[in-house]
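Here is a short briefing on one protein model. Look at the sequence and the structure before reading on.

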Amino acid sequence: MKKWLLTLWAATLVSAFAPFAGAHAHLDRALPAAGSVVRESPRELKLWFTQRLESAFSEVRVIDAAGRRADKGDAKVDVDDAKVLRVSLPKLAPGSYRVKWRVLSVDTHVSEGEFTIDVAP
């Protein structure tokens, strides 16, 4: 009888917390798109995530081939859509740029990643 109750208790716990298991904010898409080549320098970079973000703990950086920061340093979560992180860009010279992001979703999980974009000559 005790084994049956223990099994029922464990199953209840697992089902109660299962919805939270995959709740990290993952990158859904970006504009310019990850791995893309653009003909003109974009004025901003926008990242869409699968969860709402905590603005105080979410960031994105655009880094040039020399390792220098290439964005304007004004990354912020969009006030109208807390799943969107954006940063302004100056006119980027032709070349390859690395986009590095680190976000905290409202469920307190941290996600991070990176991708490249290229500006064509």
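Over the ring of which residue does the charged end of R29 sit? The ring is that of W48, and the charged end of R29 lies 4.2 Å from its centre; a charge sits over a ring if NZ of Lys or CZ of Arg is within 6 Å of the ring centre and within 35 degrees of the ring normal. The model is predicted: local features need pLDDT of at least 70, side-chain atom pairs count only at pLDDT 80 or more, and totals for chains, interfaces and linings use all residues. Residues are numbered from 1 along each chain as its sequence is written, and side-chain values use heavy atoms, with hydrogens and water left out.

**Sheet**
- An open sheet is formed by 4 strands in the order β1-β3-β6-β5, with antiparallel pairing (strands are DSSP runs of E, at least two residues, numbered from the N terminus; two strands pair if DSSP finds at least two bridges between them).
- β1 (27-31) and β5 (76-77) are at the edges with a single partner strand each, so one side of each has no neighbour in the sheet.
- β5 pairs with β6 (residues 84-88) over 2 bridges, and K76 stands opposite R86 in β6.

**Aromatic pair**
- The structure holds 1 aromatic pair (ring centres of Phe, Tyr or Trp, its six-membered ring, within 6.5 Å; planes under 30 degrees apart are stacked, over 60 edge-to-face, the rest tilted).
- F49 and W101 form this edge-to-face pair, at 5.0 Å centre to centre and 70° between the planes.
- F49 lies in β3 (residues 44-49) and W101 in β7 (residues 95-104), 52 residues apart.

**S111**
- S111 is in strand β8 (residues 110-119).
- The side chain of S111 reaches the backbone oxygen of A25 at 2.8 Å.

Terms used:
A polar contact is a pair of N or O atoms within 3.5 Å; within protein, one must be able to donate a hydrogen and the other to accept it, and residues adjacent in sequence count only if both atoms are side-chain atoms.
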